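Let us take a walk through a protein model together.

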Amino acid sequence: MTTGPETADVVIVGAGASGAATAWALSDHGLKIVCLEQGDWVDQSSSPSLDNGWEIALQTVFHPNPNIRAGARDYPVTDDATPIKPALFNAVGGGTIRWGGHFPRLHPSDFRVHTLDGVADDWPVSYPELEPYFDLNDRMMGVAGLAGDPANPPRATRPTGPLPLCPATRRIAAAFDSLGWHWWPSDAAIVSSNYGDGRKACNNCGPCGLGCPRKSRASTDITYWPAAIRGGVDLRTRCVVTALKAASSHQVGSVTYIDGDGQRQEISAGTVIVGCNGLGTSRLLLASASDRHRNGLANSSGQLGRNLMLHPTAIVTGVFADRLDSHRGPFATSLYSQQFYETDGSNDFIRGYQLQALRGQGPVGTALGGYMHRLPWGEAHHGRFMAEFGHSVSLTVTTEDLPEPVNRVELDRNRKDAWGLPAPKMTYRLGENTRRMLAHGSEKAREVMAAAGASEIIVNPLARQAGFHFLGTARMGNDPAVSVVNGDCVTHDIDNLMVVDGSVFPTSAAVNPTPTIQAVALRAADRLLHRLGISEGPRA
């Protein structure tokens, strides 16, 4: 007697920020839920941050670029046609294992850019619809912050108070004050006091991008996943999904994957939910082409893989005569300014950008150039090193990236990963609007550094290893002719296929997307439960 493939009510592909939030929201409702993750668990209790060689790990096994890191669970990315290189991490927790924890929300205006500014498209969901899911996500992740920011809507009190500023960032704050410009302590997915199950207050050690042995910095392996697993979700690691198989013109029937032992497996699903980021999701759906779907799954619009947005970023660094010990503390979560966030008719660009403080790097990072330039080798090296180490602080200029169809993700049929799947290929160019925004932001950041008393100001006009945010490649919209998913994150073409990661963003805004990705995913999970007749509304 032969048996058919395993069956599940829901199969989730990807255990990162969106997959974890979705799994938890669907758990504990009597559904059989299986999540397939290409990577594995990362033991943060033995993070490289505990070792003197932590900066070497940042340059090798924890490098953000998979082409440089080349880990056993990574896939290559063809990036010859983009000035901004990919940054992603395959593991339970996904990119939250490797991030700095900066945790801003999109503004209400970010959902209405076409109405307000005549560019791109409005979102089919609004800030008020997502607000309860933002609040829920803050509680689940554990957020530090301060209420009252005049640049953002009023919101619930953060679970913990704001992280402290250091001498360097206090100087930057004073410079913003002297210029009469907005600044506010960053919302951070890093708790400032003990929180939840064994999460200790941040001790300002610094190397957040390597994981956090104290569990101060949130990542979904320590926030959402323990609760999702208690709720019955079956999380399977080291499982490489190779394709989604269509059962009909409008239904996915099963998911095929290679398990950790190298065996090919298949699981049929009532609903398939993909959360592999804006690069991996396009790759999977394009690779799932069949006779029924020759251009890839859910791609009748031709928009799958198109409209890639990356948040192009400039970095302006001030070097100060006195020592500021700026390398101590979370590197990306001190303060930000949204003085230039909204469209201003006096500028030569549409939309805006955020200025965000970055603390200085460690000794190896400083010697290798950090956010600036490689220090000279030879007899001048030590003097220059002592002038910069602990003496610098930076401002990023994080720009809103408008969607352009020419910026895209495709399959590279000539390059395969370790499992025989085609690599994704990034094609990306900076738009003229973005170039103008970067130039404007760099000049404004220079003004801040001058007001702060920097003895030297160094401008990096474009951060190359900064492709952390893959957005827009399966964008949501009401019109199936120009979008891939609807406002509930269900694909227009396939009734039981959902996408819940940053792919669905119609526009990028000018802030880190993770809180919004997770809020969208939580809402999408609730909408699925409603369609299944189970429940509706954010969980307590």
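Is Phe385 buried or exposed? Phe385 has a relative accessible area of 15%, so it counts as buried, because buried means under 20% relative accessible area, exposed over 50% and partly exposed in between, with a 1.4 Å probe and protein chains only. Before we go on, note that this is a predicted model, in which local features need pLDDT of at least 70 and side-chain atom pairs count only at pLDDT 80 or more, while totals for chains, interfaces and linings use all residues. Residues are numbered from 1 along each chain as its sequence is written, and side-chain values use heavy atoms, with hydrogens and water left out.

Now for the aromatic rings. A pair of aromatic rings is described by the distance of the centres and the angle of the planes. Rings of Phe, Tyr and Trp (its six-membered ring) pair if their centres lie within 6.5 Å; planes under 30 degrees apart count as stacked, over 60 as edge-to-face and the rest as tilted. The whole structure holds twelve aromatic pairs. In one of them, Phe111 and Tyr127, the ring centres are 6.5 Å apart and the planes stand at 65°, so this pair is edge-to-face. Phe111 sits in the loop between β3 (78-81) and α4 (113-117) and Tyr127 in helix α5, so the pair ties together parts that are 16 residues apart in sequence. Helices (H or I, at least four residues) and strands (E, at least two) are DSSP runs, numbered from the N terminus. Phe111 is buried at 2% relative accessibility, and Tyr127 is buried at 5%. One aromatic cluster is formed by Phe111, Trp123, Tyr127, Phe134 and Phe505.

Next, find strand β12 (residues 392-399), where eight of eight residues are buried. Both of its faces are covered, with Ser392, Ser394, Thr396 and Thr398 on one side and Val393, Leu395, Val397 and Thr399 on the other. Ala314 stands opposite Val397 of β12, while Ala357 has Leu395 as its bridge partner.

How values were computed
Two strands pair if DSSP finds at least two bridges between them.
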